[in-house]
Amino acid sequence: MRRAVKARAGHTSEGTLERLEALCRERGQRLTRQRRAVLRKLAAERRALSAYELLARLRPEDGRSTPAGVYRALEFLMEAGVVHRLESTRSFILCEHPDAPHGGQLLICRVCGQVVEAEDEPVAAATGRLGERLGFSLDPRVLELTGVCARCRARSAAH
Ligand SMILES: [Zn+2]
Ligand SMILES: [Zn+2]
């Protein structure tokens, strides 16, 4: 059972990039410059980015970046299982453990925007049971929980 809650600090995208490259080879697709650039921008952040925030970061390096291109890259990365979409904020974040398809929980700080990815089995099991009890077959998706992170709580307590 995997219950570790890993913070995103010090996260690197190297393993993720390798995985993506292998996946692309399998599918006969190219890890395009745009896909790679989007991945790197997401890897550099502790918080989720919207497609337009991504575009704003990509434009200075590549003036040919377009919203449609960014969305296509994001679609590809989501399908490859290395990026999660946050429905509540319509933004995107790099997956913490892209080795296997998974549900899980994303804890989102509404003050600083930090996102922590967790895979808490009891929470996932409880959600499944809730759906069952109410006759729902729930989509296998990530549960989003908003609040204030430890750092922001400490900061506001210090004031
Ligand atoms: Zn994930
Ligand atoms: Zn915070």
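The model is predicted. Its domain assignment gives domain 1, residues 12–95, and domain 2, residues 103–159.

**Domain arrangement**

- Taken over C-alpha atoms, the centres of domain 1 and domain 2 are 23 Å apart.
- The contact between the domains involves nine residues of domain 1 and 10 residues of domain 2.
- On the side of domain 1 that touches domain 2, four residues are nonpolar, two are polar and three are charged.

**Helix α2 and Leu 42**

- The buried residues of α2 are Arg 35, Val 38, Leu 39, Lys 41 and Leu 42.
- These buried residues line one face of α2, because they fall within an arc of 165 degrees when seen down the helix axis.
- Leu 42 touches Leu 49, Val 83, Phe 92, Ile 93 and Leu 94, if residues up to four places away in sequence are not counted.
- One of these contacts of Leu 42, Val 83, is the bridge partner of another, Leu 94 in β3.

**The β2–β3 hairpin**

- Strand β2 (residues 83–86) pairs with strand β3 (residues 91–94) in the antiparallel sense, over four bridges.
- The two strands form a hairpin, with four residues between them.
- Arg 90 is in the loop that lies between β2 and β3.
- The phi of Arg 90 is near 50 degrees, which is a positive value in a residue other than glycine.
- For comparison, most residues other than glycine have a negative phi.
- Arg 90 counts as exposed, because 11 other C-beta atoms lie within 10 Å and the limit for an exposed residue is 12 or fewer.

**Strand β4 and its two partners**

- On one side of the pairing record, β4 and β5 are antiparallel and are joined over four bridges.
- Gln 105 stands opposite Ala 118 in β5.
- β4 and β5 form a hairpin with five residues between them, and Gly 113 in the turn has a positive phi of about 85 degrees.
- β4 also runs parallel to strand β6 (residues 142–147), and six bridges join the two.
- Leu 106 has Glu 144 as its bridge partner in β6.

**Leu 106 and Cys 109, two residues of β4**

- Leu 106 lies in strand β4, and Cys 109 is found in that strand too.
- Leu 106 is buried, because it has 21 C-beta neighbours inside 10 Å and 20 or more are required.
- Cys 109 is partly exposed, because 19 other C-beta atoms lie within 10 Å.
- Leaving aside neighbours within four places in sequence, Leu 106 is in contact with His 84, Leu 86, Val 115, Glu 117, Val 142 and Glu 144.
- From C-alpha to C-alpha, Leu 106 and Leu 86 are 8.4 Å apart in space, while 20 residues apart in sequence.
- With residues up to four places away in sequence not counted, Cys 109 touches Gln 114, Gly 147, Val 148, Cys 149 and Cys 152.
- Cys 109 and Ala 150 are 41 residues apart along the chain, and their C-alpha atoms are separated by 9.1 Å.

**Gly 28, a loop residue**

- Gly 28 is found in the loop between α1 (14–27) and α2.
- Gly 28 is exposed, because it has 6 other C-beta atoms within 10 Å.
- The C-alpha atoms of Gly 28 and Arg 151 are separated by 44 Å, and the two residues are 123 residues apart along the chain.

Conventions: Residues are numbered from 1 along each chain as its sequence is written. Chains are lettered from A and ligands numbered from 1 in the order in which they are written. This is a predicted model: local features need pLDDT of at least 70, side-chain atom pairs count only at pLDDT 80 or more; totals for chains, interfaces and linings use all residues. Domain bounds come from an automatic or database domain assignment. Two residues are in contact if their C-beta atoms, placed from the backbone, lie within 7 Å. Ala, Val, Leu, Ile, Met, Phe, Trp, Tyr, Cys and Pro count as nonpolar, Asp, Glu, Lys and Arg as charged, and the others, Gly among them, as polar. Two strands pair if DSSP finds at least two bridges between them. The arc is that of the directions from the helix axis to the C-beta atoms.
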